[in-house]
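Good morning, everyone, and thank you for making the time.

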Amino acid sequence: MELTRLPFLKSALKNRYPQLAVFIVMLVGYIFAILAGLIGTPVGSHNFSIVFVWIAWWAILILVAVPFFGRGWCAVCPIPLPGEWLQRGAVLSPPDKRPKWLNLRVPKMFRNIWLQNIFFLMLALFSSVLLTTPNVTGIVLAAMLFAAIGLSIIFERRAFCRYLCPVGGFIGLYSQTAPIELRIKDKQVCVTCEGKPCYNGSQVGYGCSWDVFPGGMTKNTYCGLCMECIRTCPHDNIAVNLRPFSADVAKPTARLDEAFKAFIMFGAAMIYAGVLLGPWGTLKDAAYNVGTGAWFIYAAVFLAIIFIVLPGLFTLAIMTTKSKQALKQRFMSLSTALIPLGLMFWVAFSLSFVLTNASYILAALSDPLGLGWNLFGTANAAWRPMLTTILAPAQTLALVVGLFWSARTAQKVNEAGTSTIPVFVYCFVATSIMLWLLL
Amino acid sequence: MKRPELISRILIVTGILLAIGAPLLLWARTPLIHARMAENGGWNPDVIQAEAGKSLHLKLTSDDVVHGFAVGQMDMQSVDVIPGKVTDITLTFDKPGIYTFFCTRWCGLNHWRMRGTIEVSGSPLDPEPASVPLYVSLDLDIDAPHDSSIIPNQKPSAVSGQQLATQLPITSYQSPDYYRSHSPYQVFTDLSDTSLTESQKWDAVAYLWQSNTTPESLANGKELYAQNCAACHSENGAGDGVFADDLAEAGEASMQTMEGAMDMVMQSPVDFTDPRRMLGASPALLQGKILRGGMGTGMPMWGVIFTEEQIWDLIAYIYSFQFEYEK
């Protein structure tokens, strides 16, 4: 169903002002979160940066934005904006023909998501500190903002979003399951279109910030939903469609960086469930005390699980069935089956800590810096876990749905005539472990 | 530059300036006193200026665990300082001087080091001469051994001692001056001329100690003890409080990390149930130990925290670990 046929939606997307208004609000909120982290109370549960980034934003991202809107967050993310405005030398004005800065192309060796994988893992290894310490969160948020600015000055388009952002990497992976997509309406129109303004820009808008040619796009993975192509397409050939869930994952992954992204996210959800929600104090201490011997062991185990144990067992599992395809090819395409289950792992894990800690939002809203304010009269709202009675059933449901969704995906991406039972068994064992960790 | 572009830029710059400027300004205008466990810095700032006769409004917050705030030698209820929350308190000092504020919650191993000072300026209207503590005027060496060479077989009973009192010229022993300057053992030996048995003499001593205090003083002493001493000396006085093992485990190094700390020698908290040690100590000697602290051990100085009356109440209570008082 083409959503852009709705006149209101179409005009809202074509017009720059609604998006700009959201951008300004988001940017102000982002800068405030940085400042709150740096000057606000060091008590995470009462600091805007921790509560609004790691509880409120994370809840919206993983429970709503990614499953239902794919890269919807990227469409309003404030991180690339200052860099992009600097790069363009304008906020709204038509682009200059002559670049204002270096405008280099990102070297070919970096045009993949390995850097995103590495950046995500770096943050993941420090996550116990990052998620609880406001000034660390403030520094990381600021570093991301400045990294985006720096990369915009050196490289063309949104190099940070496309190749470095640790969040963008997994949003792209899971956006394949979302029921929203931006696609061209008629391929032939794109083939004959002169100048390809959707990619190169024109007097009415900028070329694709995400370095994607819409005419060749078959998956959501790298489309940041910036909506520039809707504005620049002279043939009205771009549409935002409502589609069935998981439409993209029927097309198997053919890249090793994307396959490993699936394992990284899959494994990280399980490890987080054990470290952050589990009852093992020694494990929590090891994860928290960054730089100690225990932490190095934790980091080594973390990386070994993600890069050796999970992919290794997966490889062994798929080797049990005969196939004409090369093993590497099968590994990459069947890893697609882990995408829906991985997303559901994150949903189940996030439900737990989001519902437990959501009540902090009210207090932090009234006193975001911990200075004793009571802006909305909710500063003294007591901490109270929410919806505890439905938590376990909801998590179980998410995991079961994820398991069957993955099994179905495995059938779709599997080579004809070979069994998907090993993949199902692998997913079933992982789901059972996750269920045990969560419940 | 076209108008929409200009307006957009103005809006963006205004938003950014607002997002940075407003919280910075409000933050700078809200001076907070931060409480952290002593190991992480204690109070910040730890020196506060005030003026005698004028209200001092403080905003306290904790950066880690629950702390408490009270000012020594001041009639006030301590307040809790909650992590991430702000506690407001208003104080008024009648007289200039240097006051000590301290944490009243057992927040960590070095809880007792969590102190700061309030420097109250102003001209003293009615200067009071400083009184010399009894242990100083008696010239006691409070670090000298003071063990009792004889100890009772069982806990002496003040009730039994009271019944014996009628047979004795006990009034001379009952004056506060005598009581405060003599150890139970010294009184025991002073009673050697009497016909009492050893056990009866100890009972009489117990009675003398009880008659020099009141139930109110004992109750007050008990409360002070529970709040300030039990963490190390234990609620039952046996010297094995919840921090005792942790302090021993942490060792001397834990006590030398504090800024400005002198070299420390770890010592186990004193066992107030040990009769040999306690019956050989006079109230004046205990006053000295409490006022001055353990000098190089983990025992803090309490002279800046407790009033003289509070110290005598505390001492009276500490002796209750040796004597069976009337309920």
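Let me begin where the two chains meet: 22 residues of chain A are in contact with 25 residues of chain B, where two residues are in contact if their C-beta atoms, placed from the backbone, lie within 7 Å. On the side of chain A that touches chain B, the residues divide into 16 nonpolar, six polar and no charged; here Ala, Val, Leu, Ile, Met, Phe, Trp, Tyr, Cys and Pro count as nonpolar, Asp, Glu, Lys and Arg as charged, and the others, Gly among them, as polar.

A word of care about the source: this is a predicted model, in which local features need pLDDT of at least 70 and side-chain atom pairs count only at pLDDT 80 or more, while totals for chains, interfaces and linings use all residues. Residues are numbered from 1 along each chain as its sequence is written, and chains are lettered from A and ligands numbered from 1 in the order in which they are written.

Now to chain A, for which the domain assignment, automatic or from a database, gives domain 1 (12-175), domain 2 (180-248) and domain 3 (252-438). Taken over C-alpha atoms, the centres of domain 2 and domain 3 of chain A are separated by 32 Å.

Which residues touch the most other members of the largest nonpolar core? They are A:Ala33, A:Ala269, A:Phe345, A:Ala348 and A:Met434, in a core of 126 residues. Such a core is a set of buried Ala, Val, Leu, Ile, Met, Phe, Trp, Tyr and Cys residues joined through C-beta atoms within 7 Å, and a residue is buried if 20 or more other C-beta atoms lie within 10 Å of its own, exposed if 12 or fewer, and partly exposed in between, with C-beta atoms placed from the backbone. Helix H14 (residues 256-277) of chain A gives the largest share of this core, 13 residues; helices (H or I, at least four residues) and strands (E, at least two) are DSSP runs, numbered from the N terminus. If we leave aside neighbours within four places in sequence, A:Phe345 is in contact with A:Phe266, A:Ala269, A:Met270, A:Gly402 and A:Met434. A second, separate core has 65 residues, including B:Trp106 and B:Leu314.

That brings us to chain B, which has 13 helices and nine strands. Its radius of gyration, taken over C-alpha atoms, is 26 Å, well over the 20 Å that the globule rule gives for 327 residues, so chain B is more spread out than a compact globule; the rule is 2.2 Å times the number of residues to the power 0.38. Of the 327 residues of chain B, 36% count as buried.

Within chain B, strand S9 (residues 115-121) is joined by five bridges to strand S3 (residues 47-51), and the two run parallel, with B:Ile48 standing opposite B:Ile118. Strand S8 (residues 97-102) of chain B is joined to S9(B) by six bridges, this time antiparallel, and B:Thr100 stands opposite B:Thr117. Two strands pair if DSSP finds at least two bridges between them.

Finally, look at the backbone: a cis peptide bond, with omega about 0°, joins B:Asn44 and B:Pro45, and B:Pro45 lies in the loop between strand S2 (43-44) and S3 of chain B. A:Leu225, although not a glycine, has a positive phi of about 55°, and A:Leu225 is buried, with 23 other C-beta atoms within 10 Å.
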